[in-house]
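Please look over the sequence and the model shown here before reading on.

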Amino acid sequence: MKLLVIEDQKELSDNIQVYLENEGYICEVVASISKASEKLYGYSYDLILLDLMLPDGDGLDLLQTIKSNWPELGILIISAKNALDDKIAGLNMGADDYLAKPFHLAELNARLKAIYRRKQQMGEDLISFENISMNMDTYEVRVNDETIELTRKEFDLLHYFIVNKNRLLTKQAIAEHLWGDFMDSADSFDFVYQHIKNLRRKIVNAGGMDVIHTVYGTGYKLKA
Amino acid sequence: MNLVTRFTILFILVSLMVFLVGGVITFQVMKREIDAEQQRFLLERLNRIVHMIDRRDIKDDMIREKFQIRILDRISEESEVAFSDTLVMHNTLERLEPHLKLDVIRTINNRSYAITIYDVIVETDDINDVVIESLVKTFLILLVAFAGLGLVVSFYQLRPFRQTLQIIRSFTISGKDPPVFPKTSIREFRKLNAFLDEMTMKVQKDYHALKEFSENASHELQTPLAIIQSKLDVLIQEEGLNEKQLKLIESAQLTARRLSSLSSSLSLLTKIENHEFSKKEKIDFTTVVYQVLDEFSELLSLKGIHYTVENVSSPTIEVDPVLIQIMITNLLNNAIKHNLEKGSIHIKIDRKSATISNTGKALETDPNELFERFRKSNQSDTSLGLGLAIVKKICDLYGFKIKYSNKSEQHTLSLVFNGGQQ
């Protein structure tokens, strides 16, 4: 997965690069529209991470250029302007997703992988971890070839864990992934706990290993 | 009363005074002149009579219509000419008329004569009539002239002023272009326009600067928060962190998140205040309520809150779809957050109003301060205390009325649509 990060805040792009490279991405970082254009004309990428406010122009203009020259590229917009207009404009102009700053890197990873997966569209869309497999087209989840029934939230949760496997996911990051801004943090942690408890039970009942580990009551980690 | 009318009335009052005083002066001057003229006339006649006495050597008393000459018994000393008013029978008019009388004693050819001469005087009344008539007529002409002048002034001379008013009325603080005021040759209007020009320009500039600041402040805050967040994300993945360290990172992340929501909420409030949500669409209120309820359904079931919707009517309101969504979300969020375990929410939607009642602990804050910023039922609460402030702002924007009331553990927020109501 080749990713071009277009972000002028070096501190942020460094962290994104470190995190995503650990996830197996090949990351290149540029800080301006002109540098981004150079890279885009010279090399090929699978995904673009585009900040809307750049020192030499509006990210939306670059988005237009990318969509007309490389329509197959997956684009995720990140913006500090939590303006709905920007979000709608970005999505209308062909961006695949929009993430408002600040965000969890696990969330960024999950969104990028979802875009990548949608763009690939070859054969069956399967995601797996150990003996658990998820079919992203049919929403079927199998543990040791046995189908288990998950609610939508449990499915989302399992997917989030698998794309961020071996990572510590805090309760907060999970709550934000599942509910966005709707949930109050005070309530959400209990609900995260309940969902995880149910998910674990379903996997273990189907004969799977208990792969979701609690980390000191702060969060959870999916690991073999 | 408009300015021109007021000026005209003042002018008329002042000229009325001037005319009154002027009338008195005119009257007195005229009377003085006429009296002097009459006395001169009588004196001339006296000269003629004296001349006649001298020539004809009159030896008997002589009484004519306009004079009497009596011969005195002995030679008397000549007297000064004395004038007095008297009433004398007027021959043609056959009534007593005021006359001016001249009395004098003259010694001519060694005989003394008492000479009295009369003449009908121009009466005070007549002078009065003349003065009043001429002044009243002049005054009437002046009135007509003033009225005409008033019309001309208000139509032509005050036109730049009216144009300025029109421009000020259509002035919007959020507009980009400063208003252009008409050119005028009147110094006061020029001054006014110059002042307004400067003021509107400054106001617009300040407004845009403030708006830009509020928006930038939010943006500028989110970027460093994103950096903090990502650094904590990287840090928390480090191997070998102990529980204490993890808790510290978690807590820092939560705080960064709160700061970020705080900044977004304040930016939203600013945007509402700045009338940036100017889109107006006809929205079915009930539909939005059901949409938001659907989004909250999981939270409601997890908290075991039972809800009912009593849909008497479906009001259509003309509002910005984003704002109405935010408003209903905040109202429901509030009703859920402050609810009891296994509590209930009752929503009633009427043609012109809606109420959201929920069970919940008694309010700890003053109900009157409920809609103020940073009012929380509990200061240690992690909520921002901006939800209802935002609801209130949206209500203010559309002229809706919102009121809180409670009965024991039942809290009700009632909403009355007017402005946006169709």
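## A lysine in chain A and the contact with chain B

Apart from neighbours within four places in sequence, A:Lys101 is in contact with A:Glu7, A:Leu12, A:Asp51, A:Ile78, A:Ser79 and A:Ala80, and also with B:Gln222, B:Thr223 and B:Ala226. The model discussed here is predicted. A:Lys101 lies in the loop that runs between strand E7 (97-100) and helix H5 (105-120) of chain A. Because its relative accessible area is 4%, A:Lys101 counts as buried, the cut-off being under 20%. The side chain of A:Lys101 is joined to that of A:Asp51 by a polar contact of 3.4 Å.

Chain A contains eight helices and 14 strands. Of the 224 residues in chain A, 54% are buried. Among the contacts in chain A with a separation of 6 or more, 59% are between residues 24 or more positions apart.

The following table sets out the contact between the two chains.

| Item | Value |
|---|---|
| Residues from chain B in the contact | 37 residues |
| Residues from chain A in the contact | 41 residues |
| Area buried between chain B and chain A | about 3500 Å² |
| Part of the buried area given by carbon and sulfur atoms | 59% |

On the side of chain B, the residues that lose the most area to chain A are B:Gln237, B:Arg257 and B:Glu298, which together make up 16% of what that side buries. B:Glu298 also forms a salt bridge with A:Lys153, and the closest N and O atoms of this pair are 3.5 Å apart. Between chain B and chain A the count is three salt bridges, and nine residue pairs, both residues at pLDDT 80 or more, are in polar contact. Helix H4 (187-236), helix H5 (243-273), helix H6 (285-302) and helix H7 (321-337) of chain B each supply at least two residues of the side that touches chain A. Of the side of chain B that touches chain A, H4(B) gives the most, with twelve residues.

Another part of chain B carries a nonpolar patch on the surface, with about 1200 Å² of accessible area together; among its residues are B:Met1, B:Phe7, B:Leu16 and B:Val29. B:Leu16 belongs to helix H1 (residues 3-56) of chain B. Because its relative accessibility is 37%, B:Leu16 counts as partly exposed.

Technical notes:
Residues numbered from 1 in each chain as written. Chains lettered and ligands numbered in written order. Predicted model: local features only at pLDDT ≥ 70, side-chain atom pairs only at ≥ 80, totals over all residues. Heavy atoms only, no water. Patch = residues over 30% accessible without salt bridge, like charges linked within 9 Å, V, L, I, M, F, W, Y side chains within 5 Å. Areas by Shrake-Rupley, 256 points an atom, 1.4 Å probe, with all protein chains shown as cover. Salt bridge = Lys/Arg side-chain N within 4 Å of Asp/Glu carboxyl O. Helix = DSSP H or I, 4+ residues; strand = E, 2+ residues; numbered from the N terminus. Buried < 20%, exposed > 50% of the residue type's maximum accessible area, 1.4 Å probe, protein only. Contact = heavy atoms within 4.5 Å. Buried area = accessible area lost by both parts, 1.4 Å probe. Polar contact = N/O pair within 3.5 Å; in protein donor to acceptor, adjacent residues only side chain to side chain.
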